[in-house]
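Hi,

Here's the structure I promised to pass on to you. Have a look at it first, then read my notes below with the viewer open.

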Amino acid sequence: MSGELTRRSAAELAELIASGQVSAVDVAQAHLDRIAAVDGEVRAFLHVDAETTLAQARAVDERRAAGERLGPLAGVPIAHKDVFTTADMPTTAGSRILQGWRPPYDATITARLRAAGLVIIGKTNMDEFAMGSSTENSAYGPTRNPWDTSRIPGGSSGGSSAAVAAYEAPLATGTDTGGSIRQPAAVTGIVGVKPTYGGSSRYGLIAFASSLDTPGPFARNVLDAALLHEAFSGHDPMDSTSIDRPVPPVVEAARRGDVAGLRVGVVRELGGEGYQPGVLARFNDSVELLESLGAKVVEVSCPHFGYALPAYYLIAPSECSSNLARFDAMRYGLRVGDDGTRSAEEVMALTRAEGFGPEVKRRIMLGTYALSSGYYDAYYGKAQQVRTLITRDFDAAFEQVDVLVSPTTPTTAFPIGDRVDDPMAMYLADLATIPANLAGNAAISVPCGLSDDGLPVGLQIMAPTLADDRVYRVGAAVERALEDRWGGPLLAKAPELAEADR
Amino acid sequence: MTTTPSLVPYEEALARYEPVLGVETHIELGTASKMFCGCATTFGAPPNTQVCPVCLGLPGSLPVTNRAAIEGIIKIGLALNCRIVEWCRFARKNYFYPDMPKNYQISQYDEPLCVDGYLEVEVDGETYRVEIERVHMEEDTGKSLHVGGATGRIHGADHSLVDYNRAGIPLVEIVTKPITATGDRAPLVARAYATELRELVRALGVSDVRMEEGSMRCDINVSLMPRGAAEWGTRTETKNVNSLRSVERAVRHEIERQAGVLDAGGRIVQETRHFHEDTGTTTSGRSKEEAQDYRYFPEPDLVPMAPSREWVEELRATLPELPAARRRRVQAEWGLSDLELRDVVNAGALDLIEDTVKAGAAPGPARKWWMNELSRRATEQGVELSALPITPEQVARIQALIDEGSLNDKLARQVFEGVLAGEGGPDEVVAARGLKVVSDEGELAAIVDQVIADNAAAADKVRAGKVAAAGALVGAVMKATRGQADAARARELILERLGAS
Ligand SMILES: [Zn+2]
């Protein structure tokens, strides 16, 4: 039973728990067992605390026994990216500078999901402060891709994608600043969604780049992702950039899952050179599939998308150089060199030198430079202008079509260590995902097959701001058609991980 | 080694140089909660008891703008005749300091909320229009306490403590345009500006503007140029000047000091300077030439502010009568000369007199008591007039007792004395001290007869036509009644009885 439970979808688990066939404690224990069995190999988690998890599960069972009406995901385990504050577990953002920090408060997302009865199964690994595309920038070592443990699981939310793909959790949260949900979802063969910016609260999310950071869901299927999306979304008065509008009907759209009559635009600029042939082949298959399902497919051009990557690498580092200034050893986290002889400034400098990894330092320096007086207009100012042009590209495209599609990533999962010495190569992993971050609109990655190397490929579907339901509708349609063709989910093709003896 | 050029006497300095001033004023708004979180703002709370994840800058926390603070700044902007912009943003000012939780301050940079206003101030009967460049919003920092050093400064301290209670308290910064053509009145104009600004903000009710508690502080820019020159000189910025008197002294000192440097052929360094209350002098702080780059950029955690025109007009309609208008009104209502008005204002008696009038006293007597009797006592005790333990209502009550004839001025002074000594309200003091004008005609006549009998020599003089001698007899009556007789009536009775009327 226990092994079987971890293969179930979140919706199925919720149903089993609601009908009393299994308890939330059974489900939590099954996932804790799975983590114990495979996480030595996958290394998706930075923090697992069976007692805290089981206590949460027991509390859900008790609430249900007491007749309390619980949300549609009550009792279902969830893994949180270690960038969301949790009042009962440490939060490190993958950085040494926050090693052992226990936040005194819950992020809005963790608080809302707690209230909805989801059980926190642990905190997942990530690139330090969400800066990276492979989890190799984590201060705590890389996470491995369950499809091939010599390869990266994507990043920065690679711990979350690996945990869900390895059946250690049915659901996980992530954050997407330049593709950090969609890219890991694509390379691990699962579903990941970047909601509309402002649709999911950033309160309690340790900031990387404030104007881009977007919390979102990971799941093994589109409906589960929609259920999670709905559970944590909605206006948050604690976040000034949170949108005070009704949550788009994502669950309904995921259940509907049809594309008949829908206009689908293929983005000319996201494909071709730099994209792996196997990735392009699966993408072209998906486009044909959409057509066969009744969608009207046209090619559209977004001429400024080519400038998205450089603009992103000015805006995100600029914001991070300011956001990360607070890590100064004065109030929390690591403190280095405080031996009674050094000034506060020296302790700050020593702490930051030891506490931050090389990629974080690289981006702080980039951003500090880009914001400097005399350079601001040429760098940060210019990048903001590009951002406006990209938003206009989207606006123009969405006048012609309902959704845009592209490959989620240029390549499948690359080997661990392959790009660590080549930041530019690493940055290219987000080539297709960054435009939606700059414009703030919704996007999803759904599995669309295996490349020639036998590794999963993701299809990216983008919709206008606040039309998040559309990405679920199209994603669900593709998922249904492909699973019919394959006779099951793509993830079923992944090799079984060896379970360690316990 | 540099030698310090000597100061040039003020008049001499002014004869050769023309000063240009600028004032940047920080005012803490008196909102119940902080600028970007719900923490309380009570002054003097135990350290770090008014803090939360937001104002401590904990990882993950986010600011949300306090609407009451925006209301406060818009009111200040309107009262300063500013234009309230339709759209603007907060900006981050980045620099590292232990009392700044985020190591950036949320402020405003090139998009302030209020622009292009003015404030008129008066010095020696002449009006100066001080142009306001901008009024913007920012958050206060925490407060460092350096322990163990001799100076209380960070150098030489064993360790430092930081109190974040003030971190995130809303601050309004009001920046003037360069103030020129003030001649030898430059220090007075600066002081008058600070005074008028304080009165204005107090009238708006958006801050208690207590300079001694730091809820209003001024940075003073001064530069000198040779008389007749076309280009302004290099300016210095004297930081955190914390009283009106210090504003005047800081300007005066900088004029004298800079003139000394220029006379000696030196050049003024663009720098921040510290003002010393004890000596009235300034000393060099951080040089602007080695100043940091604050790397301002728009605050991405906050949506832009876009105050609707309707809201701005609603706020304009709530503005109270402003100090200048009020002064014009009371001057007319009370029939004061310009000089009398200025004395009242300088004595800090305007509110007190107006409240006394509101409590029923006529303006003349109300002003007389506060400006004479009570001002004298305040000076004796070395306290502000408003700090005397007597209320305008009590002053009005004493005047009412005079008006109805139960007290005369002399007795009234005893009542003031009693009230100030804490013996109770006017009526209680009157009762306890038995102070009452003797108005019973029979009783007074008997006392007069007795006095005449006891002072035969004086009485004879009066009978002989020396009316002036009656003064001694009136004095005796007053003495016998312990001052409670109506002196004028006593005099009438004496003259009547001695056939001299
Ligand atoms: Zn607070």
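What follows is a quick tour of what I found, going from the whole complex down to single residues.

Before anything else, keep in mind that this is a predicted model. The predictor gives the complex an ipTM of 0.96 and a pTM of 0.89. For chain B, the mean pLDDT is 91, and 97% of the residues reach 70 or more.

Let's start with how the chains meet. On the chain B side, 26 residues are in contact with 33 residues of chain A. What kinds of residues does chain B bring to that contact? Its touching side divides into 15 nonpolar, 6 polar and 5 charged residues.

For chain A, there is also something from a record. An unreviewed UniProt entry carries the annotation "domain: Amidase" over residues 27-471 of chain A. In the model, that span is 38% helix and 14% strand, and its end C-alpha atoms lie 30 Å apart.

Now to chain B and its domains. The domain assignment gives domain 1 (10-292), domain 2 (321-433) and domain 3 (441-497). The centres of domain 1 and domain 2 of chain B, taken over C-alpha atoms, are separated by 35 Å. Where these two touch, domain 1 of chain B supplies 7 residues and domain 2 of chain B supplies 4. Which element gives the most on the domain 1 side? That's helix H3 (residues 186-204) of chain B, with 4 residues. The domain 1 side of this contact divides into 3 nonpolar, 1 polar and 3 charged residues.

As a reminder, strands of a sheet pair through backbone hydrogen bonds, either parallel or antiparallel. Here 3 strands form an open sheet in the order S4-S3-S14 (chain B), and the pairing is antiparallel. Strand S4 (104-107) and strand S14 (297-298) of chain B are the edge strands, each pairing on one side only. Strand S3 (residues 91-94) of chain B pairs with S14(B) over 2 bridges. To find the spot, look for B:Ala91, which stands opposite B:Pro298 in S14(B).

In chain A, the loop between strand S3 (119-124) and helix H6 (158-165) holds A:Ser156. The peptide bond from A:Gly155 to A:Ser156 is cis, with omega near 5°. The loop between S3 and H6 of chain A is also the place of A:Ala130. This residue, A:Ala130, isn't a glycine, yet its phi is positive, near 70°. Is A:Ala130 buried or exposed? A:Ala130 counts as buried because it has 31 C-beta neighbours inside 10 Å, and the cut-off for that is 20 or more.

Chain B has a positive phi to show you too: B:Val209 is not a glycine, and its phi is about 35°. You'll find B:Val209 in the loop between H3 and strand S10 (216-226) of chain B. B:Val209 has 21 C-beta neighbours inside 10 Å, so it counts as buried.

Last stop: B:Leu56, in the loop between strand S1 (17-28) and helix H2 (67-79) of chain B. B:Leu56 is buried, with 21 other C-beta atoms within 10 Å. Leaving aside neighbours within four places in sequence, what does B:Leu56 contact? The answer is A:Arg331, B:Val51, B:Pro101 and B:Tyr164.

Methods: Residues are numbered from 1 along each chain as its sequence is written. Chains are lettered from A and ligands numbered from 1 in the order in which they are written. This is a predicted model: local features need pLDDT of at least 70, side-chain atom pairs count only at pLDDT 80 or more; totals for chains, interfaces and linings use all residues. Ala, Val, Leu, Ile, Met, Phe, Trp, Tyr, Cys and Pro count as nonpolar, Asp, Glu, Lys and Arg as charged, and the others, Gly among them, as polar. pLDDT is the predictor's confidence in each residue, from 0 to 100. Two strands pair if DSSP finds at least two bridges between them. Domain bounds come from an automatic or database domain assignment. A residue is buried if 20 or more other C-beta atoms lie within 10 Å of its own, exposed if 12 or fewer, and partly exposed in between; C-beta atoms are placed from the backbone. UniProt positions are given in the numbering used here, feature names are shortened, and annotations may be inferred rather than shown by experiment.
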